[in-house]
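Keep the viewer open as you read.

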Amino acid sequence: MLLSTIWSAPLLGQNATDAQIEHLQWQLQQQAAELAELRSRLDQREGVFTPTFVADPASCGNSSLQRLPLVADVPSPFTCADSPAPESFYRLNYYADYDHGFVIRPFDAEKFPFEMKFNGWGQFRYHAFSRGVTSWTDNAGITRPVRNRDAFDIERARLMFSGHFIAPQLGYLVLLDGDTDGAHAVDFFYYYLSWKFSDSFELQLGKRKVPGTRQWLMSSRRTRLDDRPMSLDFFRPNLTVGLFGVGKWGETGHYEAMVGNGYFSSNAPNSSSDNELTFAFNNYVDPWGKFGEQIADYEYSEQPLVRLGHSMVYSPQQGIVDGVPLDEADFIRLSDGTRLTETGALAPGVTVNSFNVYLYGMDAAWKYRGWSVDAEVFLRWIQQIEANGPLPRHQLFQHGFYVEGGKFLIPGVLDINARYSQVAGDYGTGREYGAGMNWYPLKTSRVKISLDAVKLENSPLQNTSSDIMVGDTGTLIRSQFQAEF
């Protein structure tokens, strides 16, 4: 037995060694299979994690940022009786960012032609009016009270969605507006589709501003005082539905042309509109370089900048069709504030039922090293006036202007401004004198605190947005907090 044991010991040792080698070989095979699987998964994700290099706006050199798409693993469900399904994942085709508004953009713009930008802004205002008269009498002989006013209100609380879809040329814009004046209801202020043929021409189909007068087309966030000049609001058109052509004019110019439903048919249904169309055109040029969106010199321009422009509108109006009064024609007022379509406005007991409006405006603006001045002149002819009785005249001429200027006492932080505007015509003259200041506490134009004081004389304007009512003679004080994103 002893000899047998001694003889078999080497054989047992050889068997143990063979078993260990086989086990090691099995482990190596398992590891090789695992490595192959991991390599396959990495190869599968290589296309997803391909970096995109973009310019670094914070660098003045040639450096770039590496933008890396993301991948989210999503397990595929299966039962215990099933074999495991291959692991799957979803590619994130879009990313969210901030670029003068929140944006959703694709990593591959050619493969996924969709983009959305989301903006918003609001104005919280306090206004107080101290009357200098107790009443005013219009040209129809109706006397109305002039009241003292004192209130907080929310003005222009707006949300805007814009971008393109299906193709980069096919754009959209939806602007929602709510305020105290509109009973806190949300209104589709702007909404249109557009097709961009080139930088020189874009066709817009929908509802937007009639392109007549300069500061009307400018954003209400960029006014010098808390709101636009009285004379501009008196003469300017409103919004309408129609076709709009927009584009560049030369190297530094811009134009807008329109054919639409009306001069002042913002929310008028077709049942309250006439069968006439309105035509409008507006353009400007910046001969000394790009003027920018601000009329005040917030950017503290190192070189003088000038903008010159003009606008024109032709709008035939019918106040009554087949005995039915139409709301669209109610916007025109005499220079004393009387509605043109009010019975007795031009002659006792007589009501105007049709007329044509011709508006022409010229504008100019200048800014340099914190100083800035802008002005606009308005000429409006109301012709072919027809009524249900004899009239002493069949045409009217109204004119007006505003001039305003200011200076940044602290660049980008504090400025002061002053304004004078006037409306004149055959039935009286209205005036506005104003001064105010704007403070940008966060050193950005996106947050602004404003305070102004306005002296009014015989206001012909009825506009709750600017807190100026027809017949106002007195002092208006407004303060406002404005923020946008």
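Where is the place of Arg369? Arg369 sits in the loop between β20 and β21 (371-387). Helices (H or I, at least four residues) and strands (E, at least two) are DSSP runs, numbered from the N terminus.

A word on the source. This is a predicted model, in which local features need pLDDT of at least 70 and side-chain atom pairs count only at pLDDT 80 or more, while totals for chains, interfaces and linings use all residues. Residues are numbered from 1 along each chain as its sequence is written, and side-chain values use heavy atoms, with hydrogens and water left out.

Back to Arg369. Its phi is near 50 degrees, a positive value in a residue other than glycine. Most residues other than glycine have a negative phi. Arg369 is partly exposed, because its relative accessible area is 33%. Buried means under 20% relative accessible area, exposed over 50%, and partly exposed in between (1.4 Å probe, protein chains only).

Ile166 also has a positive phi, near 65 degrees, and is a residue other than glycine. Ile166 is placed in the loop between β10 and β11. Its relative accessibility is 65%, so Ile166 counts as exposed.

Now the chain as a whole. Its secondary structure comes to 3 helices and 26 strands. Of its 485 residues, 43% count as buried. Take the contacts (heavy atoms within 4.5 Å) between residues at least 6 apart in sequence: 59% of them join residues at least 24 apart. The accessible surface comes to about 25200 Å², and 61% of that belongs to carbon and sulfur atoms. Accessible areas come from the Shrake-Rupley method with a 1.4 Å probe; for residues, only the protein chains shown count as cover.

Strand β20 holds Ala364. At a relative accessible area of 37%, Ala364 is partly exposed. Ala364 and Arg214 are 150 residues apart in sequence, yet their C-alpha atoms are 9.1 Å apart in space. Leaving aside neighbours within four places in sequence, Ala364 is in contact with Arg307, Leu308, Val373, Asp374 and Ala375.

Thr338 is found in the loop between β19 (324-325) and β20 (352-368). Thr338 counts as buried because its relative accessibility is 1%. Its side chain makes a polar contact of 2.9 Å with the side chain of Asp336. A polar contact is a pair of N or O atoms within 3.5 Å; within protein, one must be able to donate a hydrogen and the other to accept it, and residues adjacent in sequence count only if both atoms are side-chain atoms. Not counting residues up to four places away in sequence, Thr338 touches Trp136, Asp138, Asn139, Ala140, Ile332, Arg333 and Ala345.

Ser231 is in helix α3. Ser231 counts as buried, at 0% relative accessibility. With residues up to four places away in sequence set aside, Ser231 touches Phe378, Phe401, Tyr402, Ser421, Gln422 and Val423.

Tyr440 lies in the loop between β24 (428-439) and β25 (447-457). Tyr440 is buried, with a relative accessible area of 3%. Its C-alpha atom is separated by 9.8 Å from that of Pro411, 29 residues apart along the chain. Leaving aside neighbours within four places in sequence, the contacts of Tyr440 include Tyr298, Phe408, Asp415 and Lys448.

On a 1 Å grid over the protein atoms alone, a cavity is a set of points where a 1.4 Å probe fits but cannot get out, and a pocket is an open set with protein on both sides within 12 Å along at least five of seven lines; lining residues have an atom within 4 Å of a point. Grid points are joined across faces, edges and corners, and a volume is the space filled by probe spheres set on the points. A search of the whole structure finds 1 cavity of 30 Å³ or more. About 30 Å³ of space lies in the largest cavity. Tyr440 is one of its lining residues, as are Asp415 and Lys448.

Last, an open space. The second largest pocket has a volume of about 1000 Å³. Of the 40 residues that line this pocket, Arg236, Asn238, Phe264, Asn463 and Ser465 are the closest to its centre. β10 gives the most to the lining, with 3 residues.
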